[in-house]
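Student: Could we go through this structure together, starting with the strands and then turning to a helix?

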Amino acid sequence: MAAARLRRRDWVSRLLAVVDDAQGRPFEWGQHDCCLFAARCIDAVTGSAWAVELELWYWDESTALAYIKAEGSIRASVSRRFGDPVPPLLARRGDLVLVDSPLGEAVTVCVGPSLVGAAPSGLTVLPLSAGLCAWRID
């Protein structure tokens, strides 16, 4: 049981390190956008390489929008990877949560009672209640 708690503490630390690293980093398609930020968080939690995969598909606004269009939407793309969404209030730390943003739907990461996501000034913090749906990252 202590080992399980230690592993959880490790991924939480890695998740928070990604969040800290993104503070103050301006939004830039293909560098620091909602999907890449979320993917880096998921990589920290699971050890996957989702961010690297995304970086192969798009690198600026036009290629990002083409990628989203080819996927159908951000919601469809995330659902293909993580399965059917759940109600946002069921999100746990490390899960992905879809929200409305000035640019349309955006993916954020649950960090407890709040969501964080890429924004013009670095990161935005939203209440969990701002979520439209969520995906469990188990």
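**Strands and a helix**

Tutor: Strands β1 (residues 96-101) and β2 (residues 104-110) run antiparallel and are joined by six bridges. Strands here are DSSP runs of E with at least two residues, helices are runs of H or I with at least four residues, and both are numbered from the N terminus. Two strands pair if DSSP finds at least two bridges between them.

Student: Before we go on, what kind of model is this?

Tutor: This is a predicted model, in which local features need pLDDT of at least 70 and side-chain atom pairs count only at pLDDT 80 or more, while totals for chains, interfaces and linings use all residues. Residues are numbered from 1 along each chain as its sequence is written, and side-chain values use heavy atoms, leaving out hydrogens and water.

Student: Which residue stands opposite D100 in β2?

Tutor: That residue is E105. A hairpin through two residues joins β1 to β2.

Student: How many bridges does β1 form with β5?

Tutor: There are three, and β1 and β5 (residues 133-135) pair in the antiparallel sense. L96 has W135 of β5 as its bridge partner.

Student: And how does β2 pair with β3?

Tutor: β2 and β3 (residues 114-119) run antiparallel, with two bridges between them. C110 has L115 as its bridge partner in β3.

Student: What is the strand order in the sheet?

Tutor: The order is β4-β3-β2-β1-β5, an open sheet of five strands with antiparallel pairing. Its edge strands, β4 (122-127) and β5, each pair on one side only.

Student: Which helix packs on the sheet?

Tutor: Helix α5 (residues 74-82) does, touching β1, β2 and β5; contact means heavy atoms within 4.5 Å. The direction of α5 makes about 30 degrees with that of β5. Axes are lines fitted to C-alpha atoms, for helices over the stretch in contact, and angles run from 0 to 180 degrees between N-to-C directions.

Student: Changing topic: is α2 mostly covered or uncovered?

Tutor: α2 is mostly covered, with eleven of its 13 residues buried, that is, under 20% relative accessible area with a 1.4 Å probe and protein chains only. Among them are C34, L36, F37 and D43.

Student: What happens at its two ends?

Tutor: At the start of α2, a side-chain oxygen of D33 comes to within 3.1 Å of the backbone nitrogen of C35. Just after α2, G47 has a positive phi of about 85 degrees.

Conventions:
Buried means under 20% relative accessible area, exposed over 50%, partly exposed in between (1.4 Å probe, protein chains only). A polar contact is a pair of N or O atoms within 3.5 Å; within protein, one must be able to donate a hydrogen and the other to accept it, and residues adjacent in sequence count only if both atoms are side-chain atoms.
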